[in-house]
Amino acid sequence: MRPGTKFYNEYESVWNEIPLPEDCECPLCNRIGIWKHRGDGIVSLHIPCYKCAYNNRFKWFGYPINGVKYSAPRYERHDSSPTIDLPNHIPSIEMTNRELLMEVIIDQYDTLITKGSIQPSIHTSNCMDKVINSVLEYISTTERGDLLRYCRDILSLWESLGSLPIPDEDDTEYEIKYFKNLYHQGVFENSISQVSSLQPNERGTLLNEEYKVTQKQELCKQGASILDTIMDDNGIMNEEGYRQLMDIFLKLYN
Ligand SMILES: [Zn+2]
């Protein structure tokens with residue numbers, strides 16, 4: 001099986017300590033959710049279906065999850081109806097961030113049309129901007145920095161594309177079709193920020209490096225502010241100032 005989030009992959013050793021639900025009213029979770037034996041005879045819902053994941057803002061009992069897709073994500077199918085007749089032998093798979101955001105974007109496209117907030121036509125070219133912005137707004141209410149970064153990258157790439165292709169006559173869906181095409185071609189994937197394209201261990205190293213740089217900058221700021229205080233004090237350093245500065249130098253050295 002393919003890991004979509006760390007919860008699925010890396011937190012396996014601790015997940016049986018988390019009070020995950022032992023039953024669920026959602027028929028889809030029961031059908032395609034990832035259920036696991038905890039070892040004490042109890043089975044818990046490890047990864048819910050996409051809809052339940054969405055409703056929980058992609059966190060499940062404190063851990064990030066993307067939810068389980070149907071046999072294939074909707075954008076890979078030709079029709080738009082969910083395939084719920086999933087043969088038993090196909091294992092459930094957690095969605096990747098890429099599949100997840102595409103699913104959220106298509107959902108939001110439909111929702112905004114229903115609400116009347118967008119009216120795709122051959123004369124419009126800003127429907128997808130509205131859709132992605134609205135998805136970004138939603139994602140920023142979740143505690144998923146990884147999804148937020150991804151979504152921001154998608155938006156800035158979409159905005160940087162310039163003019164859209166000239167639509168065929170009556171092709172009111174040309175914007176979303178163009179977007180899906182680019183998605184399929186991996187245009188967004190290839191340009192997504194360095195961090196999200198790295199392997200998990202490389203990503204850890206890079207994030208650690210970023211963290212160290214931020215920490216150094218923070219220490220330098222603190223040092224500068226101590227020096228400012230000294231200058232305000234007629235250039236006289238007291239013992240506390242000396243101690244604080246030495247402390248900062250030591251931290252920078254290490
Ligand atoms: Zn569900």
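## Helices H5 and H6

Helix H5 passes helix H6 in a right-handed crossing. A crossing is right-handed if the near helix is turned clockwise from the far one by less than a right angle, and left-handed if anticlockwise. Helices (H or I, at least four residues) and strands (E, at least two) are DSSP runs, numbered from the N terminus. This is a predicted model, in which local features need pLDDT of at least 70 and side-chain atom pairs count only at pLDDT 80 or more, while totals for chains, interfaces and linings use all residues. Residues are numbered from 1 along each chain as its sequence is written.

H5 covers residues 97-115 and H6 covers residues 127-139; they pack at an angle of about 115°, and their axes are 9 Å apart. H5 is therefore roughly perpendicular to H6. Axes are lines fitted to C-alpha atoms, for helices over the stretch in contact, and angles run from 0 to 180 degrees between N-to-C directions. Angles under 35 degrees count as roughly parallel, over 145 as roughly antiparallel, 65 to 115 as roughly perpendicular and the rest as oblique. On the H5 side, the contact is made by Val104, Ile105, Gln108, Tyr109 and Leu112, and on the H6 side by Lys130, Val131, Ile132, Ser134 and Val135. These residues divide into 7 nonpolar, 2 polar and 1 charged. Ala, Val, Leu, Ile, Met, Phe, Trp, Tyr, Cys and Pro count as nonpolar, Asp, Glu, Lys and Arg as charged, and the others, Gly among them, as polar. Two residues are in contact if their C-beta atoms, placed from the backbone, lie within 7 Å.

## Helices H6 and H7

H6 also packs with helix H7 (residues 145-159), at an angle of about 165° and with the axes 10 Å apart. H6 is therefore roughly antiparallel to H7. The crossing of H6 with H7 is left-handed.

From H6, the residues that meet H7 are Met128, Asp129, Ile132, Asn133, Val135, Leu136 and Ile139. Their counterparts in H7 are Leu147, Leu148, Cys151, Arg152, Ile154, Leu155 and Trp158. The residues of this contact divide into 11 nonpolar, 1 polar and 2 charged.

## Valine 135

Valine 135 lies in H6. Its C-beta has 22 other C-beta atoms within 10 Å, so valine 135 is buried. The term buried applies at 20 or more such atoms, exposed at 12 or fewer, and partly exposed in between, with C-beta atoms placed from the backbone.

Leaving aside neighbours within four places in sequence, valine 135 is in contact with Val104, Ile105, Gln108 and Cys151. Tyrosine 109 is 26 residues from valine 135 in sequence, and the two are 9.3 Å apart in space, C-alpha to C-alpha.

## The chain and its confidence

The chain has 12 helices and 4 strands. Of its 254 residues, 22% are buried. Among contacts in the chain with a separation of 6 or more, 54% join residues 24 or more positions apart.

The mean pLDDT of the chain is 78, and 75% of its residues reach 70 or more; pLDDT is the predictor's confidence in each residue, from 0 to 100. Confidence in the chain is highest in H6, at a mean of 96, and lowest in helix H10 (residues 194-197), at 47. Over residues 72-89 the pLDDT stays under 50, and the model has 20 contacts for them beyond four places in sequence. Residues 193-198 also have pLDDT below 50, with 11 contacts in the model beyond near neighbours in sequence.

Leucine 219 is in helix H11 (residues 200-232). With 16 other C-beta atoms within 10 Å, leucine 219 is partly exposed. Not counting residues up to four places away in sequence, leucine 219 touches Ile248, Lys251 and Leu252. The C-alpha atoms of leucine 219 and leucine 252 are separated by 7.3 Å, although the two residues are 33 apart along the chain.

Methionine 246 has its place in helix H12 (residues 239-253). It counts as exposed because it has 10 C-beta neighbours inside 10 Å.

## Two loop residues with positive phi

Phenylalanine 61 is in the loop between strand E3 (59-60) and strand E4 (63-64). Its phi is near 55°, a positive value in a residue other than glycine. Phenylalanine 61 counts as partly exposed, with 14 C-beta neighbours inside 10 Å.

Aspartate 170 is in the loop between H7 and helix H8 (174-185). Phi of aspartate 170 is near 70°, a positive value in a residue other than glycine. Aspartate 170 has 9 other C-beta atoms within 10 Å and is exposed.
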